[in-house]
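Trainee: Please take me through one part of this model slowly, at the level of individual atoms. I would like to start with the sulfur atoms and the question of bonding between them, and then follow you wherever the picture leads.

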Amino acid sequence: MDLKLSNKVFIVSGGAKGIGEAIVLELAKEGAIPVIVDRSVEAAANLENQIKSEGKKCLTIIQELGREDACKGIVDQTISTYGRIDGIVNNAGVNDSVGLSSGSPASFRQSLTINLTHYYDLVHYAVDHLKSSKGAIVNISSKTALTGQGGTSGYAASKGAQLALTREWAVELAPFGIRVNAIIPAEVLTPLYKSWLATFENAEEKLEGIVSKIPLGQRMTKSEEIGAMTVFLLSERSAHTTGQWHFIDGGY
Ligand code: NAP
């Protein structure tokens with residue numbers, strides 16, 4: 001299937017590791033130009049080298065998302081480099097364990113800043129460019145928005161808001177031909193997931209317990225499987241799909 005993404009420009013937040021990295025690699029494979037936005041300097045540099053060594057294009061922007069004006073700068077730099085933006089993948093986030101008892105009003109607000117507000121900010125600053133390109137948006141949410149997890153109010157609230165924004169933006173942007181979809185992963189063995197697992201004394205047992213409950217194949221979802229679905233949703237091959245929440249989780 002030709003996804004017709006050649007030379008199209010996509011900003012991927014948190015694009016240097018885990019799910020974001022898989023999305024970036026899939027975009028590059030399709031001949032698109034991923035813009036890797038991340039704070040991890042080394043991981044982003046390694047990824048950029050890998051992509052360029054295969055003769056593909058990409059741009060790295062090192063930025064701490066959540067800082068004021070960060071997202072405006074990302075959009076400005078992308079436009080000054082390529083003159084267009086064809087899509088945004090809002091992906092950067094951290095399950096930061098800001099719970100009711102373990103957190104505080106200040107840490108809850110901070111959690112919304114690192115997990116939610118940059119999803120809005122990036123699209124806010126890019127929206128006129130997306131109108132010009134009839135672009136697409138994919139928000140990476142989480143099952144915690146729908147199941148809860150316990151002890152992570154800021155993250156769960158952010159993930160739920162991302163699903164609401166997916167529907168809200170799909171309505172606002174439909175007249176401009178811009179599609180907006182969400183992906184809901186559950187269990188993907190990324191660096192973030194590994195650091196969450198490491199908080200348990202019996203991490204291996206915990207992982208086995210989780211995996212045994214995943215109906216399709218009793219295995220974790222691969223980052224590449226999230227990447228493939230995301231890139232399909234960014235492409236015109238999914239031209240009549242908007243406002244949807246896609247569960248990529250082995251039937252979990
Ligand atoms: P990951 O392995 O930590 O990769 C995310 C990347 O984004 C890292 O390079 C991280 O840098 C960067 N990043 C995070 N916050 C940032 C910020 N404020 N500014 C700049 N860069 C930032 O995470 P992942 O597991 O791939 O998760 C990606 C998305 O999927 C998240 O939205 C997460 O909620 C969602 N998700 C994941 C799972 C799962 O099972 N893994 C399940 C449900 C939902 P650092 O390494 O420095 O933090």
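Mentor: Happy to. Start with Cys-71: its sulfur has its closest cysteine partner in Cys-58, and the gap is 19 Å, so the two are too far apart for a bond. Keep in mind throughout that this is a predicted model. To count as a disulfide, two cysteine sulfur atoms must come within 2.5 Å of each other. Searching the whole structure turns up 0 disulfides. Cys-58 accordingly takes part in none, and the nearest cysteine sulfur to its own, 19 Å away, is that of Cys-71.

What about the surroundings of these two residues? Cys-71 counts as buried because its relative accessibility is 2%. Cys-58 has a relative accessible area of 4%, so it is buried as well. The cut-off behind that word is a relative accessible area under 20%.

From the sulfurs, let us turn to the ligand. The ligand sits in the largest pocket. Two or more residues of the shell around the ligand come from each of three elements: helix H1 (18-29), helix H6 (153-173) and helix H7 (191-197). H7 gives the largest share of that shell, with 3 residues. There are 28 residues around the ligand, and those that come nearest are Lys-17, Asn-91, Tyr-155, Val-188 and Thr-190.

Some of the contacts can be followed atom by atom. At Asn-91, a polar backbone atom is 2.6 Å from an oxygen atom of the ligand. Val-188 also uses its backbone, with an N or O atom 2.7 Å from a ligand oxygen. Leu-192 has a backbone N or O atom at 3.0 Å from an oxygen of the ligand. How much of the ligand does the protein cover? On its own the ligand has 880 Å² of accessible area, and the protein covers 92% of that.

Helix H6 holds Ser-158, which counts as buried because its relative accessibility is 0%. A polar atom of the Ser-158 side chain is 2.8 Å from the backbone oxygen of Gly-154. Gly-177 is partly exposed, since its relative accessible area is 36%. From Gly-177 to Lys-131 there are 46 residues along the chain, yet their C-alpha atoms are separated by 7.6 Å.

Two loop residues have backbone angles worth checking on your screen. Most residues other than glycine have a negative phi. Ser-97, which is not a glycine, has a positive phi of about 55 degrees. You will find Ser-97 in the loop running from strand S4 (87-90) to helix H4 (105-133), and its relative accessibility of 43% makes it partly exposed. Gln-218 likewise has a positive phi, near 40 degrees, and is a residue other than glycine. The loop between helix H8 (203-211) and helix H9 (223-234) is where Gln-218 lies, and with a relative accessible area of 45% Gln-218 is partly exposed.

Gln-63 belongs to the loop between strand S3 (59-62) and helix H3 (70-82) and is partly exposed at 21% relative accessibility. Ile-248 is part of strand S7 (residues 245-248) and is buried, with 16% relative accessible area. Although Ile-248 and Glu-225 are 23 residues apart along the chain, their C-alpha atoms are separated by 7.6 Å. For Ala-106, look at helix H4; Ala-106 is exposed because its relative accessible area is 56%. Ala-106 and Asn-90 are 16 residues apart along the chain, with 24 Å between their C-alpha atoms.

How values were computed. Residues are numbered from 1 along each chain as its sequence is written. This is a predicted model: local features need pLDDT of at least 70, side-chain atom pairs count only at pLDDT 80 or more; totals for chains, interfaces and linings use all residues. Side-chain values use heavy atoms; hydrogens and water are left out. Buried means under 20% relative accessible area, exposed over 50%, partly exposed in between (1.4 Å probe, protein chains only). A residue is near a molecule or strand if one of its heavy atoms lies within 4 Å of it. A polar contact is a pair of N or O atoms within 3.5 Å; within protein, one must be able to donate a hydrogen and the other to accept it, and residues adjacent in sequence count only if both atoms are side-chain atoms. Accessible areas come from the Shrake-Rupley method with a 1.4 Å probe; for residues, only the protein chains shown count as cover. On a 1 Å grid over the protein atoms alone, a cavity is a set of points where a 1.4 Å probe fits but cannot get out, and a pocket is an open set with protein on both sides within 12 Å along at least five of seven lines; lining residues have an atom within 4 Å of a point. A molecule sits in a cavity or pocket if more than half of its atoms lie within 2 Å of its grid points. Helices (H or I, at least four residues) and strands (E, at least two) are DSSP runs, numbered from the N terminus.
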